[in-house]
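Have a look at the sequence and the structure, then read on.

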Amino acid sequence: MELRADDHGPTEHLPRSEAAGARIPVDLEFGSLASSLALLLEAAQSEIEHDQDAARTSLAAASSILQLEIERRSGVNNSRTGGLAGWQIARVRSFIDRNLHRTIHASDLSEVARRSTAHFSRSFKQAFGEPPHAFIVRRRLEEACHLMLTSAASLSEIALTVGFSDQAHLSKLFRHAFGESPANWRRERETLWRR
């Protein structure tokens with residue numbers, strides 16, 4: 001099947017050569033993006049009742065894809081010389097989320113992004129707004145919060161599940177980030193849920 005520029009929406013504002021050469025890839029890319037987002041959102045909707053973790057994963061993936069597309073279209077990443085490309089950001093985020101339970105080294109992330117380790121940390125900070133270690137700690141704390149609200153697991157189990165060495169490590173970093181202990185934070189929210 002042959003695709004023509006006029007198969008993908010109005011292109012009257014572009015000269016014919018630009019419409020044929022530049023418009024098709026953008027429209028095909030957008031169609032693929034929209035399709036992916038729709039599938040992820042439909043999956044989340046069907047999973048929300050019986051598998052909240054799966055629904056949350058689908059929503060996080062859709063959110064990440066949408067955020068990357070917004071950044072790409074607004075030129076945010078292009079203005080950051082030496083930053084990571086959209087595909088690198090998506091792969092690094094996905095790798096981190098899948099591996100929170102274990103030690104993640106900068107060399108692991110640079111390999112995922114196909115960048116040299118020497119330049120990766122600077123590129124990561126430009127793309128994410130914080131160094132890799134700070135980003136990983138923040139993601140671990142976010143996942144710990146999620147588990148505290150959605151599971152009956154003990155704080156020591158949650159700490160190990162999200163990659164902290166023990167409950168004391170989780171408590172120290174949690175208190176620093178949220179100004180209270182994880183036990184108090186969890187208790188307050190459990191009380192709110194019961195109301």
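## A cluster of rings

Phe120, Phe124, Phe128 and Phe135 come together as one aromatic cluster. Keep in mind that this is a predicted model, where local features need pLDDT of at least 70, side-chain atom pairs count only at pLDDT 80 or more, and totals for chains, interfaces and linings use all residues. Residues are numbered from 1 along each chain as its sequence is written, and side-chain values use heavy atoms, with hydrogens and water left out.

How many aromatic pairs does a search of the whole structure find? The search turns up seven. Rings of Phe, Tyr and Trp (for Trp, its six-membered ring) pair if their centres lie within 6.5 Å; planes under 30 degrees apart are called stacked, over 60 edge-to-face, and the rest tilted.

| Pair | Centre to centre | Angle between planes | Type |
|---|---|---|---|
| Phe120 and Phe124 | 5.7 Å | 55° | tilted |
| Phe124 and Phe128 | 4.1 Å | 15° | stacked |

Phenylalanine 120 and phenylalanine 124 both sit in helix 5, four residues apart, or about one turn of the helix. Phenylalanine 124 and phenylalanine 128 are likewise four residues apart in helix 5, so about one helical turn separates them. (Helices are DSSP runs of H or I with at least four residues, strands are runs of E with at least two, and both are numbered from the N terminus.)

"Buried" means under 20% relative accessible area, "exposed" over 50%, and "partly exposed" in between, using a 1.4 Å probe and protein chains only. Phenylalanine 124 has a relative accessible area of 0%, so it counts as buried. Phenylalanine 128 has 13%, so it is buried too.

## Helix 3 meets helix 5

Helix 5 (residues 117-128) also packs against helix 3 (residues 86-98), at an angle of about 95° and with the axes 11 Å apart. That makes the two helices roughly perpendicular, a label for angles of 65 to 115 degrees; under 35 counts as roughly parallel, over 145 as roughly antiparallel, and the rest as oblique. The axes are lines fitted to C-alpha atoms over the stretch in contact, and angles run from 0 to 180 degrees between N-to-C directions.

Helix 3 brings Ile89, Val92, Arg93 and Ile96 to the contact, while helix 5 brings Phe120, Phe124, Ala127 and Phe128. A contact here means heavy atoms within 4.5 Å. By class, that gives seven nonpolar residues, no polar ones and one charged. (Ala, Val, Leu, Ile, Met, Phe, Trp, Tyr, Cys and Pro count as nonpolar; Asp, Glu, Lys and Arg as charged; the others, Gly among them, as polar.)

## The rest of the chain

Overall, the protein has nine helices and zero strands. Of its 195 residues, 32% count as buried. One of the loops, between helix 8 (167-178) and helix 9 (182-194), holds serine 181, which touches Phe174 and Arg175, not counting residues up to four places away in sequence.

The average pLDDT, the predictor's confidence in each residue from 0 to 100, is 77, and 69% of the residues score at least 70. Where pLDDT is low, the predicted coordinates should not be read in detail.
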